[in-house]
Structures are given as structure tokens and as C-alpha cells.
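Please read the following account with the sequence and the model open side by side.

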Amino acid sequence: MDRALELAAAARLTASPNPWVGAVVVVGEDRYEGRTQPPGGAHAERAALDLAGASARGATVYTTLEPCSHEGRTPPCAEALIAAGVARVVVGTEDPDPQVDGRGLAELQRAGIEVVVGVRRDEVEQQLAPYLVHRGTGRPYVVSKLAITLDGRTAAPDRSSRWITGEAARRDAHLLRAESDAVLVGAATVRADDPALTVRDVDLPTGVDLAEVQPLRVVLGEVAASARVQPAQTMSGDLEVVLDDLGRQGVVQLLVEGGATVAGAFHRGGLVDRYVVYLAPAFFGGDDAVPVFSGDGAATMDDLWRGTIVAVRRVGGDLRVDVE
């Protein structure tokens, strides 16, 4: 299962809106490996079975996610496992997609295949968190990206913010864009910074083209046709409705890169699944610089939002802190 997780990670940038899954077919000392191909291509289990061929009969298959049981752009993986004659399937976690939701496991069991569920569950569910949220709620997994100084400011009093963090952190943020299906900012950010919101400065895995990982660009409000962010999808209104709409469009992960107003609105609405904070060793040194969130905050300590730090790592001269 550890190897299946590694294979799934290698599919992270190209599998969406399908889940990034890894699978390993074990026959004695032999291993046949597969990972989810880009949409329309083979799922992880089929990719591994294709390599195993007739050797798959009697094999144990390790897969990070419950095999699908419905016909989509590719045939069902549960059906392929049964046809291959495997003896045992070890699964990381169940698939909440309404078209699967336990049916794949039940189909395997009816065919007499031994099924084990929950191996490395925590690691698998962390890796697949955006997919699990999208399939379970219909909305994207929302990541709020923030670049701040040690005194908690995101821009100077004149609204300039380039660059708070160093080059390594900016490259890391581009990888975060590459992992996301869409990136969202407010129209005020577009007017102030004229960002392109494209993936540029990132080292991609072999075989992954830069064009494959460009996110949909979403702007809250209207912007000029000449803005660098164009072509972009402009949206407005209630943020929950915006998320519902993006979810229906197949946006599995949404990266919010908006300024203090947009970031504050998502935060106060309880709409953020993960905060990625790039912390620079810098101070503005006063109270006139722009804070992380605009608008009213917690009125008392009892109202303070508290999360859990799930990861901390150094990125060049900055720190990246992930909070859920």
C-alpha cells in the first residue's frame, strides 16, 4: 500500500477530476504497478492488470481507493478485477462517489474475492482529501493561500505585495496552482496586481506538460477584457452558490488567492478546508499595512477560530504552514 500511495502521488497533477489512485498487483515476488491516467485513460487497477496479464489470476491487488463499479469513460475496475481472477483486494478507503459508495466492494465480495478495507486509511484519505470532499459534498476542496510577514500583514499601505516571500516559496505556490483545478481572486486584486494566475515556475514530473496543469481562472466581479487573467470565468453572488457551481463544473480543488477581502469572506463563511500560509521572516513594523483578512473578526476569545497545524516545512528562506 505504501507503494500504491507513491504511484497515486505521481498521478496527482493529471488525474483530476478523477481520483489519483495507485494500484499494485502482487504475484509471488512479482509486482505490476499502475496509476490513474489522464481523464479518458485507464484507471490504476486496469493499468496494473494490463501489465500483469494472465499472471493476475490468484493475485493480491493493493489499491488506494475502492474500485469503481460503474461504466464511465472507461469500463468498471471491479469488473476487470473479477475477470482477471484475482484472489484478494486490499483497499485504502471507500469511494464516496454516489455511483460507487460501497458497490465496488460488494461486487468483489459477491464474486468470492477476499476484500480488506482500511489499510493506510489515514494516509490515503489525506492524499485524496480534495476528491473525497468533492464527491461527498459536490463542492470543491477549498485551499486558501496566504503569504504573510511575521507581524501578520499581506501588503504594504500602498497595497503593494510583491514580493513578501522568496523565490522558492513562489515556486512552491505554483505547484499548488498546478494541483488545483481552478484558482480564484477578486476583481480588486486583478485591478491592483494584474496577475496572470498561470502555472509557470514549477518543476513538473517527466511526461507532464505545462499546458496540462493550467487551472481555470475565476474572478469574483467584472474585469477588463485586456487583463492578463483573461480568459477567465467571472462569477458573483453568494460564495456557497459559487462553490456549488464550480463543483458541478468538475472543479475538485479550488485555490483561493484573493486579497484580504476575498480571503476574509471565505474564512468567515467557514468555507476553507485548508489554509496554506507562507510565512516570511519580515516585518512591516506598524499597524497601517494590510492584514490577512479584512472585515470584522472574532469579537472575543471564545469566538476565536482554531485549527490544527498538519504540516510545517521550510521553503527556501520562508516557512510553509498547512492548517486545517
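In strand S3, Tyr62 is the bridge partner of Val24. This contact belongs to the pairing of strand S1 (residues 22–27) with strand S3 (residues 60–65), an antiparallel arrangement joined by four bridges. The model is a predicted one, and this applies to every feature described below.

Strand S1 also pairs with strand S2 (residues 30–35), again in the antiparallel sense, through six bridges. Within that pairing, Gly22 stands opposite Arg35 of S2. The two strands form a hairpin with two residues between them, and Gly28 in the turn has a positive phi of about 60°. Strand S1 is mostly covered, five of its six residues being buried.

Six of the seven residues of S12 are buried, so that the strand counts as mostly covered under a limit of 20% relative accessible area. Strand S6 (residues 141–149) pairs with S12 in the parallel sense over seven bridges, and here Val143 stands opposite Arg274. Strand S15 (residues 318–323) pairs with S12 in the antiparallel sense over five bridges; in this case Leu279 has Leu319 as its bridge partner.

How many aromatic pairs does the structure hold? There is one. The ring centres of Tyr275 and Trp305 are 5.1 Å apart and their planes meet at 65°, so the pair is edge-to-face. Tyr275 lies in strand S12, whereas Trp305 lies in the loop between strand S13 (290–291) and strand S14 (309–315); the two residues are 30 residues apart, and the pair thus links distant parts of the chain. The partners can also be described by their accessibility. Tyr275 counts as buried because its relative accessibility is 7%, while Trp305, with a relative accessible area of 43%, is partly exposed.

The charged end of Arg12 sits over the ring of Trp20, 4.0 Å from its centre. Arg170 lies over the face of Trp163, at 4.5 Å from the ring centre.

The largest pocket has a volume of about 1,000 Å³. Its lining comprises 41 residues, of which Lys145, Ser161, Thr189, Asp193 and Glu257 lie nearest the centre. Elements that give two or more residues to this lining include strand S6, strand S7 (153–155), helix H8 (187–193) and helix H10 (260–268). Helix H7 provides the largest share, seven residues. By class, the lining of the largest pocket has 20 nonpolar, nine polar and twelve charged residues.

The second largest pocket contains about 530 Å³ of space. Which residues lie nearest its centre? Among the 22 lining residues, these are Arg12, Gln126, Glu179, Arg274 and Arg320. The lining of the second largest pocket divides into twelve nonpolar, three polar and seven charged residues.

Terms used
Residues are numbered from 1 along each chain as its sequence is written. This is a predicted model: local features need pLDDT of at least 70, side-chain atom pairs count only at pLDDT 80 or more; totals for chains, interfaces and linings use all residues. Side-chain values use heavy atoms; hydrogens and water are left out. Buried means under 20% relative accessible area, exposed over 50%, partly exposed in between (1.4 Å probe, protein chains only). Two strands pair if DSSP finds at least two bridges between them. Rings of Phe, Tyr and Trp (its six-membered ring) pair if their centres lie within 6.5 Å; planes under 30 degrees apart count as stacked, over 60 as edge-to-face and the rest as tilted. A charge sits over a ring if NZ of Lys or CZ of Arg is within 6 Å of the ring centre and within 35 degrees of the ring normal. On a 1 Å grid over the protein atoms alone, a cavity is a set of points where a 1.4 Å probe fits but cannot get out, and a pocket is an open set with protein on both sides within 12 Å along at least five of seven lines; lining residues have an atom within 4 Å of a point. Grid points are joined across faces, edges and corners, and a volume is the space filled by probe spheres set on the points. Ala, Val, Leu, Ile, Met, Phe, Trp, Tyr, Cys and Pro count as nonpolar, Asp, Glu, Lys and Arg as charged, and the others, Gly among them, as polar.
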